[in-house]
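This briefing is meant for a reader who is meeting the structure for the first time. Please keep the sequence and the 3D view at hand while going through the points below.

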Amino acid sequence: MKADIIVIGAGASGLMAAYAAARTLVENDRVADVLLLEKMPRPGRKIMITGKGRCNFTNLKEWNEFSQHIRSKANFVKPAFYNFTSQDAISFFEGYGMSTVVERGDRAFPASHHASDAVDTLVLAAQRYGVKLVTDCEVQTISHANEFALETSQGKFFCKKLIIATGGLSYPGTGSTGDGYRWATSLGHKIQPLFPSLTALVPKGYKDTSADVPGSDSSADTLSETSLKGHLHRTLPLTEYGQMLCGNQLKNVGVTSIIEGCEADEEFGDIDFTDGGIEGPVGFQLSRKCVKSIINGSRVSIRIDLKSGVSLEEVTERVKQLWNDIAKDPRSRGLKDREKCRILLGKLIPWDLIPGFLEGNPDIITVETRKSGSFHGKPQFSSKVWVNLNAIARALKSWTFDIEGFVGYERSVVTAGGVSTDDIVAKTLESRIVPGLHFCGEVLDMDCDTGGYNLQAAFSTGFLAGQSAARSLI
């Protein structure tokens with residue numbers, strides 16, 4: 001089968017690329033001879049799980065602020081962003097009948113909060129302009145002479161222009177298994193080192209690292225034969241400490257990443273303790289640099305300030321005042337200091353967090369054993385429980401976790417690294433090495449924060465790649 005343009009991968013960037021290519025051809029009185037090949041049974045599998053199924057499809061911040069959330073070369077993305085902005089994305093979806101809503105942090109969602117609506121809209125838009133979608137079609141090899149030749153599970157395809165939009169390695173169950181990197185390499189492109197980004201950081205002692213991982217596939221974790229250093233599969237069981245912390249959500253806290261003893265990044269916001277480790281918006285934002293450092297052999301830790309905006313001196317004073325108030329309260333009569341400590345912590349942090357907080361800060365409660373005499377010539381001992389109020393204050397301001405590893409591609413939101421942008425023309429997303437070959441989306445060395453930034457980057461680069469490929473035929 002022959003086509004003018006073939007797009008490989010019907011994810012966010014691929015669907016948008018096919019739509020933009022077909023629309024550009026039709027608007028210039030050309031037949032929309034565009035094929036979209038997808039190896040999975042249905043398109044948009046990864047879109048379906050974004051935003052916990054709610055699909056935060058863009059963020060309406062202006063470029064100067066938006067660009068701060070691009071963790072690779074922001075200037076490379078700039079032409080694509082201005083060619084198809086966040087507002088253009090809103091107009092696109094609403095123009096094809098999907099109502100949208102903007103929530104806290106300028107994050108845009110389908111009004112239904114169903115990711116399936118976004119996928120259906122993308123497919124509808126592409127097909128209205130004549131895009132032919134072929135599913136269950138796995139591309140096996142790509143060659144290029146005068147035209148591109150694709151060997152697939154459904155036969156051989158030929159095209160004048162080819163767009164690779166295969167995504168990265170994250171969530172391999174959705175079809176992202178790194179095919180695009182292999183093809184790019186075979187066609188002479190350099191691949192920047194790949195590693196999971198926007199993923200869970202695993203504190204030391206949080207997971208049982210001695211346990212077997214049921215059904216794990218190390219080949220999905222990396223393109224090389226060896227696993228990434230520091231990768232701890234998400235299915236590893238939680239330790240008792242991990243179970244104490246899992247399920248807790250902390251809002252409006254300060255979080256600092258520390259690499260080799262030096263403060264690296266500092267963020268303010270929300271974090272979650274999950275079955276993977278430390279996640280949530282702030283945890284994800286810090287994870288990129290932490291993961292890269294762990295892979296390179298550096299020591300990494302995370303420090304949480306539960307009382308951000310209040311000085312250590314003020315927190316210490318507050319702790320001591322509460323302790324005195326509890327001691328004077330008639331209801332505390334007869335309570336042991338350990339029980340009083342829990343009452344104190346209950347006034348300072350969420351109740352469900354207390355067991356993990358005490359376990360992670362063992363200097364808060366210490367037991368001193370003293371010789372109290374002898375009986376029949378044998379020494380007798382008694383114990384005294386000490387509650388260290390200063391230690392409580394310090395832990396509230398700087399609860400520190402040594403990071404043992406990270407969750408890999410099996411549950412990371414995006415893949416960092418990819419096809420080197422040095423090999424790509426930013427204004428067209430065409431290869432500098434192979435004329436007529438375009439790249440878009442996560443297969444490129446391009447990754448962003450959560451909050452609508454990654455999907456917008458996919459839409460922007462997809463639109464530009466499709467539009468550029470079509471214009472070169474006109």
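This is a predicted model: local features need pLDDT of at least 70, side-chain atom pairs count only at pLDDT 80 or more; totals for chains, interfaces and linings use all residues.

**Helix packing, aromatic rings and a loop glycine**

**The chain as a whole**

- The protein chain has 13 helices and 20 strands, and its C-alpha trace spans about 100 × 45 × 35 Å along the principal axes.
- Of the 474 residues in the protein chain, 53% count as buried.
- When contacts in the protein chain between residues at least 6 apart in sequence are considered, 73% of them join residues at least 24 apart.

**Helix α9 against helix α10**

- On the α9 side the contact involves Val319, Leu322, Trp323 and Ile326, which meet Asp337, Lys340, Cys341, Ile343 and Leu344 in α10.
- Sorted by class, the residues in this contact of α9 with α10 comprise seven nonpolar, no polar and two charged ones.

**Helix α9 against helix α12**

- Helix α9 (residues 312-328) also packs with helix α12 (residues 389-397), at an angle of about 135 degrees and with the axes 9 Å apart, which makes α9 oblique to α12.
- In this pair, too, α9 passes its partner α12 in a right-handed crossing.
- The residues that α9 brings to this contact are Leu312, Val315, Thr316, Val319, Lys320 and Trp323, while α12 contributes Leu389, Asn390, Ile392, Ala393, Arg394, Leu396 and Lys397.
- The contact of α9 with α12 has eight nonpolar, two polar and three charged residues.
- Val319 and Trp323 of α9 take part in the contact with α12 and also in the one with α10.

**Aromatic rings**

- The structure holds 19 aromatic pairs, and in one of them the rings of Phe92 and Phe93 have centres 5.0 Å apart and planes at 80 degrees, so the pair is edge-to-face.
- Phe92 has a relative accessible area of 6% and is therefore buried, and Phe93, at 0% relative accessibility, counts as buried as well.
- Phe93 forms a further edge-to-face pair with Phe459, with 5.7 Å from centre to centre and 65 degrees between the planes.
- This second pair links distant parts of the chain, since Phe93 belongs to helix α4 (residues 86-95) and Phe459 to helix α13 (residues 453-471), 366 residues apart.
- Phe459 counts as buried because its relative accessibility is 1%, which is under the 20% cut-off.
- One aromatic cluster is formed by Tyr19, Phe57, Phe84, Phe92, Phe93, Tyr96, Tyr129, Phe459 and Phe463.

**Gly53 in its loop**

- Gly53 is found in the loop between β2 (34-37) and β3 (58-59), and at 22% relative accessibility Gly53 counts as partly exposed.
- Apart from its neighbours within four places in sequence, Gly53 is in contact with Met48, His113, His114 and Ala115.
- From Gly53 to Gly168 the separation is 115 residues in sequence and, C-alpha to C-alpha, 19 Å in space.

How values were computed: Residues are numbered from 1 along each chain as its sequence is written. Side-chain values use heavy atoms; hydrogens and water are left out. Axes are lines fitted to C-alpha atoms, for helices over the stretch in contact, and angles run from 0 to 180 degrees between N-to-C directions. Helices (H or I, at least four residues) and strands (E, at least two) are DSSP runs, numbered from the N terminus. Angles under 35 degrees count as roughly parallel, over 145 as roughly antiparallel, 65 to 115 as roughly perpendicular and the rest as oblique. A crossing is left-handed if the near helix is turned anticlockwise from the far one by less than a right angle, and right-handed if clockwise. Contact means heavy atoms within 4.5 Å. Ala, Val, Leu, Ile, Met, Phe, Trp, Tyr, Cys and Pro count as nonpolar, Asp, Glu, Lys and Arg as charged, and the others, Gly among them, as polar. Rings of Phe, Tyr and Trp (its six-membered ring) pair if their centres lie within 6.5 Å; planes under 30 degrees apart count as stacked, over 60 as edge-to-face and the rest as tilted. Buried means under 20% relative accessible area, exposed over 50%, partly exposed in between (1.4 Å probe, protein chains only).
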